[in-house]
Amino acid sequence: MKLSEWRAHSDIPPHETDMLISFVTDLDKAHIVADGPYRELSAAELASLELYRKKRIEGCPIQYIMGYAYFMGYRFAVSPDVLIPRPDTEILASCAAEECRKMAASHEINGPVSILDMCTGSGCIGISVMLSLGGSAKLTVSDISEAALTVASQNVSLLAPDADIDIKRSDFWAGLGNEKYHIIVSNPPYIPTDDIETLDDEVRLHEPIIALDGGSDGLNAYRRIAEDISEHITVQSHLLLEAGINEASGIADIFSPYFSKADIIKDLSGKD
């Protein structure tokens, strides 16, 4: 079968069709179009394309099919053991990087800025912050999931092999010892349990529930973070958190005993 024939008869969205073709054949969009009428698909290529097309029709996210997703311009390995990075979360990473730059420029600390990315998943937030700083900070990424940390380790190896990055298995603070951090950043599970059934099937049926379920009101993870945070911060420390819909003010209240100020900013959709 010619590539152009398979492309024309694909029953998934055109941009996803081309993503899968590129993934299987290593052709870019220009060559998919130009060479399609002449390029004969091998039996192996055709079998792969049909398998991936079927998975996509069944609702498997295309990022899991291909094994990667883009975040902050970088290509991160992903698997069903970690959340797929979202564009809104890039705001969190950008804010964390900016706070790191301000802290480094202030000369109020000795040595490199120490960063913790808690509930790291793929590691996309912490690694992106490190890359934006040119690797000049010290990063710890932590997660309770060994499978998630395997993905995070892969991304460290791929994207920041020479950076000062520790990878630690930890149930919130339990595995982090007495370390203190200048910047703590986290995108923890924050979906209220009863709301999970209302999520799109691609999320509900394919992304890890442990990274979604935030308990009855969505705030359980934030309470766990707050429990021992006083042991891991200094007077210079900043905490940056992603929040669920209508949760930001409640989260600010949880951390008011530990921080003198809370700023709530908008995501790409104008939500807190």
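1. Two strands pair if DSSP finds at least two bridges between them. Strands (E, at least two residues) and helices (H or I, at least four) are DSSP runs, numbered from the N terminus. Strand β1 (residues 68-71) is joined to strand β2 (residues 74-77) by 4 bridges, and the two run antiparallel. The hairpin has 2 residues between the strands, and Met 72 takes a positive phi near 55°.

2. On the basis of the note: this is a predicted model, in which local features need pLDDT of at least 70, side-chain atom pairs count only at pLDDT 80 or more, and totals for chains, interfaces and linings use all residues. Residues are numbered from 1 along each chain as its sequence is written, and side-chain values use heavy atoms, with hydrogens and water left out.

3. Overall content. The protein has 11 helices and 7 strands. Its C-alpha atoms fill a box of roughly 65 × 40 × 35 Å, taken along the principal axes. Of its 272 residues, 45% count as buried; buried means under 20% relative accessible area, exposed over 50%, and partly exposed in between (1.4 Å probe, protein chains only). Contact means heavy atoms within 4.5 Å. Among contacts with a separation of 6 or more, 70% are between residues 24 or more positions apart.

4. The parallel sheet. An open sheet is formed by 5 strands in the order β5-β4-β3-β6-β7, with parallel pairing. The edges are taken by β5 (164-169) and β7 (233-241); each has a single partner strand, so one side of each has no neighbour in the sheet. Direction ignored, neighbouring strands of this sheet are turned by 20° against each other on average.

5. Axes here are lines fitted to C-alpha atoms, for helices over the stretch in contact, and angles run from 0 to 180 degrees between N-to-C directions.

6. Burial of β3. In strand β3 (residues 114-118), 5 of its 5 residues are buried. Both faces are covered: Ser 114, Leu 116 and Met 118 are buried on one side, and Ile 115 and Asp 117 on the other. Ser 114, which belongs to β3, counts as buried because its relative accessible area is 8%. Apart from neighbours within four places in sequence, Ser 114 is in contact with Lys 138, Glu 179, Lys 180, Tyr 181, His 182 and Ile 183.

7. Helices α2 and α4. Two packed helices are described by the angle between their axes and the distance between the axes. The axes of α2 (residues 14-25) and α4 come within 10 Å and cross at roughly 140°. The crossing is right-handed; a crossing is right-handed if the near helix is turned clockwise from the far one by less than a right angle, and left-handed if anticlockwise. On the α2 side the contact includes Glu 16, Leu 20 and Phe 23, which are among the residues that meet a set in α4 including Leu 49, Tyr 52 and Arg 56. The residues of this contact divide into 6 nonpolar, 2 polar and 4 charged. Ala, Val, Leu, Ile, Met, Phe, Trp, Tyr, Cys and Pro count as nonpolar, Asp, Glu, Lys and Arg as charged, and the others, Gly among them, as polar.

8. Arg 56. This residue lies in helix α4 (residues 43-57). Is Arg 56 buried or exposed? Arg 56 counts as buried because its relative accessibility is 12%. The side chain of Arg 56 makes a polar contact with the side chain of Glu 202 at 2.9 Å. A polar contact is a pair of N or O atoms within 3.5 Å; within protein, one must be able to donate a hydrogen and the other to accept it, and residues adjacent in sequence count only if both atoms are side-chain atoms. Leaving aside neighbours within four places in sequence, the contacts of Arg 56 include Ile 12, Glu 16 and Pro 61.

9. Asp 267. This residue is found in the segment after α11 (248-255). At 23% relative accessibility, Asp 267 counts as partly exposed. Not counting residues up to four places away in sequence, Asp 267 touches Asp 88 and Ile 91. The C-alpha atoms of Asp 267 and Glu 90 are separated by 9.3 Å, with the two residues 177 apart along the chain.
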